[in-house]
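Good morning, and thank you for joining this group meeting. Please look at the sequence and the structure as I speak.

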Amino acid sequence: MKLDKEQKRVLKAAWPAFLAFPFASPFFYWLFGKLDSWTDALLFFAGNVIVACLVILFYILGSKIPKKEN
């Protein structure tokens, strides 16, 4: 899939959130005592990676600007 200029801009803007979300969310759950084991933390991390990938995919697909056909 070839990305246009707007999609590249969206990808650059979303990249830090993609990297931070899977780590930050389990950390805060652990900080507030909501995680019981490492297994829960790893499952939560894996789920967050999948969700972050889907969100970025939807952002990229949604930022596609249709070309004007004459």
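A patch is made of residues with over 30% relative accessible area and no salt bridge, with like charges joined within 9 Å and nonpolar side chains (Val, Leu, Ile, Met, Phe, Trp, Tyr) within 5 Å. Accessible areas come from the Shrake-Rupley method with a 1.4 Å probe, and for residues only the protein chains shown count as cover. This is a predicted model, in which local features need pLDDT of at least 70 and side-chain atom pairs count only at pLDDT 80 or more, while totals for chains, interfaces and linings use all residues. Residues are numbered from 1 along each chain as its sequence is written, and side-chain values use heavy atoms, with hydrogens and water left out.

On the surface, F27, F28, W30, L31 and F32 form a nonpolar patch, with about 600 Å² of accessible area together. W30 belongs to helix α1; helices are DSSP runs (H or I, at least four residues), numbered from the N terminus. Is W30 buried or exposed? W30 is exposed, because its relative accessibility is 54% (buried means under 20%, exposed over 50%, partly exposed in between, with a 1.4 Å probe and protein chains only).

I turn now to charged side chains. The structure holds 1 salt bridge, defined as a side-chain nitrogen of Lys or Arg within 4 Å of a carboxyl oxygen of Asp or Glu. R9 pairs with E6 in a salt bridge, and their closest N and O atoms are 2.6 Å apart. Both R9 and E6 lie in helix α1, 3 residues apart, about one turn of the helix. E6 is partly exposed, at 24% relative accessible area.

Note on methods
Helix = DSSP H or I, 4+ residues; strand = E, 2+ residues; numbered from the N terminus.
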